[in-house]
Amino acid sequence: MANAARVLEPAMDRDIFNEWFDERMAQKEAEHVPSMTIIATKGTLDMAYPPFILASTAAALGWDVSVFFTFYGLNLLRKDLDLEISPLGNPAMPMKMPVGPEWLKSINMNIPNIVMANVPGFEKMASGMMKKTMRDKGVATIEELRSLCLEADVKLVACQMTVDLFSMDQGEFIPEIQDWIGAASFLPTAQKADVSLFI
Amino acid sequence: MNTETTATLDARGLNCPLPILKTKKALNGLESGDTLHLISSDPGSVKDIDAFCTQTGNELLENNTENGDFTFVIRKS
């Protein structure tokens, strides 16, 4: 039995087989369309960027992309986006002035948690400042990235359970959502993907 | 070989990933063999446009820095 491979040898010309195999593999690779699936679970302004940036860029590279929005990620599919960011409990977030001279804009303001937690409208203000900084630096808005994703045929699917859980209505979300599904419907797509991310 | 620029895209002031997305859109409107002249002010686009062309099979003919902006000439595959 140990010599089984050897028995086949005389019947098959190895060089011809190897050549055919390499050609077939190269052909398969050239025909393969890369694919990516993303699970988007966060609904704040900062966490809205990674899924939309990666999805739109992958689509531009010619990949097949689908994004599954679940839990707070569903917030990113609302008709009216009003995303916010909270510096509270978010110590890595830089707090910088979007206006004024360069020396002022470069200072990271160290605001105590107690102030951030107690000043009414602090999150609104921080969100407004972040949006202004992004606009000034030429960073796309989430609305813009989302519509670019749709234009590039990125498949946006949403979690049915989340809508039921938080007593939402499907009408609150953009009509371009391709499907309302659950984990069992999404996982088989993710299984076949070359890249799969949880954000 | 036709190296005449067919279309121009000014992506100055835009940040990642917009130069790539706008480039892709501009290329969609062109015919195979056409060339696109791209201007970007995003330093990240130097490596990204190169990677984009490698992945999509479009040919990056030129890649220069002019007065702090980055210019590219891409031939659509």
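Biologist: Where is B:Asn67 found?
Modeller: B:Asn67 is found in the loop between strand 3 and strand 4 of chain B. Please keep in mind that this is a predicted model.

Biologist: Is B:Asn67 buried or exposed?
Modeller: B:Asn67 has 5 other C-beta atoms within 10 Å, so the residue counts as exposed; the cut-off for that class is 12 or fewer.

Biologist: And the strands on either side, in which sense do strand 3 and strand 4 of chain B pair?
Modeller: Strand 3 (residues 59-66) and strand 4 (residues 69-75) of chain B pair in the antiparallel sense, over seven bridges. The two strands form a hairpin with two residues between them.

Biologist: Which residue stands opposite B:Glu59?
Modeller: That is B:Arg75, in strand 4 of chain B.

Biologist: Staying with chain B, which peptide bond is cis?
Modeller: The bond from B:Cys16 to B:Pro17 is cis, with omega near 0 degrees. B:Pro17 has its place in the loop between strand 1 (7-11) and helix 1 (18-28) of chain B.

Biologist: What is the mean pLDDT of chain B?
Modeller: The mean for chain B is 90, and 96% of its residues reach 70 or more. For the complex, the predictor gives an ipTM of 0.81 and a pTM of 0.82.

Biologist: Let us turn to chain A. How many helices and strands does chain A have?
Modeller: Chain A has nine helices and five strands. Along the sequence they follow the pattern α-α-β-α-β-α-α-α-α-β-α-β-α-β.

Biologist: What radius of gyration does chain A have?
Modeller: Chain A has 24 Å, whereas a compact globule of 199 residues would have a value near 16 Å. The C-alpha trace of chain A spans about 85 × 45 × 35 Å along its principal axes. Buried residues make up 23% of the 199 residues in chain A.

Biologist: What about phi of A:Phe71?
Modeller: Phi of A:Phe71 is near 45 degrees, a positive value in a residue other than glycine. A:Phe71 lies in the loop between strand 2 (64-69) and helix 4 (102-105) of chain A. With 16 C-beta neighbours inside 10 Å, A:Phe71 counts as partly exposed.

Key: Residues numbered from 1 in each chain as written. Chains lettered and ligands numbered in written order. Predicted model: local features only at pLDDT ≥ 70, side-chain atom pairs only at ≥ 80, totals over all residues. Helix = DSSP H or I, 4+ residues; strand = E, 2+ residues; numbered from the N terminus. Rg over C-alpha atoms; globule rule 2.2 N^0.38 Å. Buried ≥ 20, exposed ≤ 12 C-beta atoms within 10 Å, placed from the backbone. pLDDT = per-residue confidence, 0-100. Pairing = 2+ DSSP bridges.
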